[in-house]
Amino acid sequence: MDGFLAEVVAKYNYWLYVVLMMIGFYAMIGKRNLVKKLLGMNIFQTAIILLFVSSGVKRGGGIPILDKYEVLARGVDVATVVNPLPHVLMLTAIVVSVSVTGVALAILQRIYREYGTLEEDEILEKLGQ
Amino acid sequence: MTFANLHMYVLAVPLLTALAVNLLGRRSRTWIAPLTLGALSFSTVAAALVLVRVLREGTLHYTVGNWSPPYGIELVIDPLGALMLLLVAAAALLATSGALPSVALELPGREHLFFTLYLILIVGLMGLVITGDAFNLYVLLEITSITTYGLVAMGKGRAPLASFNYIIMGSIGACFYLLGVGYLYILTGTLNMADIAAILPTLPGTVAAATAFAFLLVGLWIKMAFFPLHGWLPNAYSLAPTGAGLLIAPLMTKVTIYLMIRVLYSIIHPNWALLAESGVQSALVWAAALGIVCASAMALGQRDLKRMLTYLIVAEVGYMVGGVFLANETGLTGALLHIVNDALMTLCLFLAAAAIVYRTGSLEFDSLRGLYRRMPVTLAAFTLAAFSMIGVPPTAGFFSKWYLLLGGIEAGQWGYVGALLFSSLVNAVLFFRIIEIAFFRNSAADDRPLPVTEAPAMLVGPLVLSALALVVLGLGAGGLVDSVILPAIAAFL
Amino acid sequence: MDMTTSYLPLAAILISLLGAVPILLSGRMPNLREGWTLLIALGKFTLVAAMLPTVLAGGTYVLTLAEVIPGVPIALRVDAMGMYFALIASFLWIFTSIYSMGYMRALKEHNQTRYYASFAVAISATIGVAFSANLLTLYLFYEMLSLSTYPLVTHHGDAEARRSGRKYLTYILGTSIGLVLPAMLITYQLTGTLDFTHGGILSGEASAATLGLLLVLFVLGFAKAGIMPFHGWLPAAMVAPTPVSAFLHGVAVVKVGVFAILRVIFDIFGPDLLHRLDFGVVLTYFASVTILAASLVALTQDNLKRRLAYSTIGQLSYMILGAGMLSAAGMTGGMLHIAMHAFGKITLFFCAGAIYVASHKKYISEMDGLGRRMPITYFAFFLGSLSIIGMPPLGGFISKWNLVIGAVEADQLLLVAVLLVSSLLSAAYFFPIVYRGFFAPASEETLAHTGEAPLLCLIPLSVTALCSVGLFFYPDIFLQLVHRALFP
């Protein structure tokens, strides 16, 4: 029990991401309102993004923005800088997430225009007629 | 433009044409057809040349932006990738030719928007089959998905709703894939496929790697509609505009299956013995078999041709995933051959459906009566594709089914074998039901000649070509297997 | 044994496949269309006969078309057994075409172009089966036959025809995909080849249980041979126009099924292997049950064509019975019966069709006294039925005689009893038809309205009836081919 708690405390950020992911997942599947589903999707994606970014962190590491000439002259001490690659990758992922959200919102607008509501059960009722 | 970079131009030309289509298409509709067809013809010819080159010289590599791997993004074109590239380009060309009249009918005034998305989707698919970087794969996967979401949403009626559902499911899949890549990155520190494959075996501790494996696979399974994660597919594919269905149905799931094979053999190199021992492999084959049976059964209950075809797509996915997880050479040969064959069969069937909808406006079974008199060429091509789906020699479908069945027998997976045979019989019932309605259900002694109103040539041409290709591919399957598939498998194993 | 590579077998197959095109195109001109059909039929027979001398001398013709699956090419081979079947089929097609012309025109049938074109494709597939060099090629042409005969079975297009068509496909496609395909795959997996080799390829490759299962899968899977319980499609297919029933379900389709089973028995398993494992019993069991049951059911049928259909089911199993005896005379008798039954049964069906054209009667109970109005037809029917029952001086006697001798040789006196009982039953369901036709009082309507059948129908049925007699006196070519096939 002790060891387990120690684990949880040491890696608290990862546990948070798991919780976030589950919230997002629940919202996507469990909620009836389409916008809430979309928000759930965003939360889900955000959790994964945070996981990636977390993986690059180093104890005592600084922001990876360096002076060009200093680096050319003296090189980089990798231990002092946080890994920038995950950040870059996640920029791409954020872009993807935003695009999907944009498309989804456009579609939701169309759905709203068509059915007058964004609640899944009400829409299904209207379709049933 | 040099011959050395031809494989890049296969991608670049349609991408730039997408932009041109949007700008020029706004002003005048007449720009769209020549631009799209021209660009895709170029891509097809170039892809064929690339295939020839790769078969002669070996794998091609292209480093994007001249940042050398493993830090830069790399495109790797081995014979299998080149074959897939040709398949995507050729199928896209035929689909586009069929889509042009369809879209003009269904979405007048919005063709330039439609084809912009269309071309970007094609570029995404082509990129997917030749990328060598795991994260680049995610980006391209999302590019294809986003354009598909948009294309599906352009349909009538419930299409936006179906598209939204697809967005939710598709994003879960993509995120799982991303999570898998994340785990691999944390483990190995690299995103280049070849690099990961080199580093992964040297690492101890398999839990993280197994988790990555699981997330990658489940993510791809959602994207390819592997039973029971297939719920989004029937609605999305059948409600999409006809022209969109022509491209999405044959290619999206097949390319995703190809990606699964790539991930399995070029990145992860799973320990098949361990999988077999732990029963995971068997469980997956049984899941595939169950998927085949359930999807076929659900197809039986449909009253609309397109919805029936979408359930058949789900069944075909089961064929291929089962074939891969048989873990023997025969099964993998069958799966790879079936990717090519199924893409063509689905293309042919959807083209036939598009032609029928163009002329008659409906695909309900009841409205297909007596169609053979009115659209003989379309129905003849449809019949040939139906034979291929059932698995009648010498069409292509028979030979890939042969390999899959043989692989199942060799691996002792009798459930899978039974499911395949069951599916063939169900396909026979499904298609002969339609053939019977179309050929015979007009008044029996009615010999009056009905006007033959075929769909326009741009639809019927590709239809006939793809139907003939099924026979050619059937007889030529031996050559294809020997020259491309078997060497590829040898390189994998 | 010299093998000549030649395009002759391919030409023999393709002539009618490609010939379907001019038939389809000359749809508006019936005479031209029928002219094409006759021309193609004569051409096909000529091409097949052209290969006869070499085959009789012991040679074979081979041709490989494509090698798709390693070890199993799509290939053709004309050996004695294939030549035997092809000769019968192509010869009888000529007369079927003439008969079709008479029948279809007299009844003013619709969709005749589709009919002739499908027929051309079907006969193409039949010759393809005869000339197949291995199981895969045979399977290819077998399926082609199933699919091309569907438009013929459902020709009338009404609800009953469609229902029968569905039954037809369910039985035939269902068994070929569900039983034959796995059997082929298992055979391939065991031996790496599917080539027809004299003496079989399965010797020593698997356990007796596996081989037994394979045998059952093949025998039941080739449902075109009408072995019970998968015989149900045959009576249902009688809804087709009579020339279709006569040729396809008297000669081509059903004999394809039997031919396929015989190929499996002789060239995949081999008589020696079957003898060693005592599997002849399996075959004779299935065959005997079918023979007796079918003959009994035939007695209860009032529809003439359905009675003939059940008769066919029984007769087909004679051929399997003969092969199952695994004795020289038995196998000879079984194979000879392919020819004898073909000529006899086609005569009977031709007569049934002629009766329908002349008098529009389908039911035996209504056919009293017709014989006096249609003497030629009924006499031909009499000859045909004698051949099927197996009485001299008709060809059927020779094959029946061989079968009985074969049963005695193989020490299977029970089979002798089966053969005798079924002959008696055949007499019981055929003779009344002839007797009532000639000697029973006719109804007013019959006397007033019925004459002989049209000439184009009479000629073929007379020719085939006479051939049945002729085969008793001159069975040499067929005997030679059969002997060469069984004992090279």
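This briefing covers the A–B interface, the salt bridges, the nonpolar core and the backbone exceptions of a predicted model. Local features need pLDDT of at least 70 and side-chain atom pairs pLDDT 80 or more, while totals for chains, interfaces and linings use all residues. Side-chain values use heavy atoms, without hydrogens and water; residues are numbered from 1 along each chain as its sequence is written, and chains are lettered from A in the order in which they are written.

**Interface of chains A and B**

- Chain A places 33 residues in contact with 29 residues of chain B. Contact means heavy atoms within 4.5 Å.
- About 2700 Å² is buried between chain A and chain B, and carbon and sulfur atoms give 85% of that area. Buried area is the accessible area (1.4 Å probe) that two parts lose on being put together, summed over both.
- On the chain A side, A:Phe52, A:Ile107 and A:Arg110 lose the most area to chain B. Together they make up 19% of what that side buries.
- Zero salt bridges are counted between chain A and chain B. A salt bridge needs a side-chain nitrogen of Lys or Arg within 4 Å of a carboxyl oxygen of Asp or Glu.
- Three residue pairs are in polar contact across the interface of chain A and chain B, both residues at pLDDT 80 or more. A polar contact is a pair of N or O atoms within 3.5 Å; within protein, one must be able to donate a hydrogen and the other to accept it, and residues adjacent in sequence count only if both atoms are side-chain atoms.
- Helices α2 (12-30), α3 (34-55), α5 (84-115) and α6 (120-128) of chain A each supply at least two residues to the side that touches chain B. Helices (H or I, at least four residues) are DSSP runs, numbered from the N terminus.
- The most comes from α5(A), with 16 residues.
- By type, the chain A side divides into 26 nonpolar, five polar and two charged residues. Ala, Val, Leu, Ile, Met, Phe, Trp, Tyr, Cys and Pro count as nonpolar, Asp, Glu, Lys and Arg as charged, and the others, Gly among them, as polar.

**Salt bridges**

- The count over all chains is 17 salt bridges.
- C:Arg166 pairs with B:Glu436 in a salt bridge, the closest N and O atoms being 2.9 Å apart. This pair crosses between chains, from helix α7 of chain C to helix α18 (residues 414-440) of chain B.
- C:Arg166 is partly exposed at 41% relative accessibility, whereas B:Glu436 is buried at 3%. Buried means under 20% relative accessible area, exposed over 50%, and partly exposed in between (1.4 Å probe, protein chains only).
- C:Glu34 and C:Arg105 form a salt bridge at 2.9 Å, N to O. They link distant parts of the chain, helix α2 (residues 30-50) and helix α4 (residues 80-107) of chain C, 71 residues apart.
- C:Glu34 is buried at 2% relative accessibility; C:Arg105 is partly exposed at 33%.
- Shared partners join C:Arg77, C:Asp79, C:Arg263 and C:Asp267 into one salt-bridge network.
- B:Arg53 forms a salt bridge with B:Glu57, with the closest N and O atoms 3.6 Å apart. Both lie in helix α2 (residues 32-57) of chain B, four residues apart, about one turn of the helix.
- B:Arg53 counts as buried, at 12% relative accessibility.

**Core and a buried histidine**

- The largest nonpolar core has 425 residues, and B:Trp402, C:Phe131 and C:Phe269 touch the most other members. Such a core is a set of buried Ala, Val, Leu, Ile, Met, Phe, Trp, Tyr and Cys residues joined through side-chain atoms within 4.5 Å.
- Helix α14 (residues 329-360) of chain B gives the largest share of this core, 20 residues.
- Beyond its neighbours within four places in sequence, C:Phe131 contacts residues including C:Pro9, C:Val48, C:Met51 and C:Arg77.
- C:His155 sits in the loop between α6 (135-153) and α7 (159-191) of chain C. C:His155 is buried, at 1% relative accessibility.
- Leaving aside neighbours within four places in sequence, C:His155 has contacts that include C:Glu109, C:Arg114 and C:Pro241.

**Backbone exceptions**

- Most residues other than glycine have a negative phi, and most peptide bonds are trans.
- A cis peptide bond joins B:Phe227 and B:Pro228, with omega about 5°. B:Pro228 is in the loop between α8 (206-224) and α9 (232-239) of chain B.
- The bond from C:Met228 to C:Pro229 is cis, with omega near 10°.
- B:Ala327 has a positive phi of about 60° and is partly exposed, at 32% relative accessible area.
- C:His360 has a positive phi near 60° and is exposed, at 53% relative accessible area.
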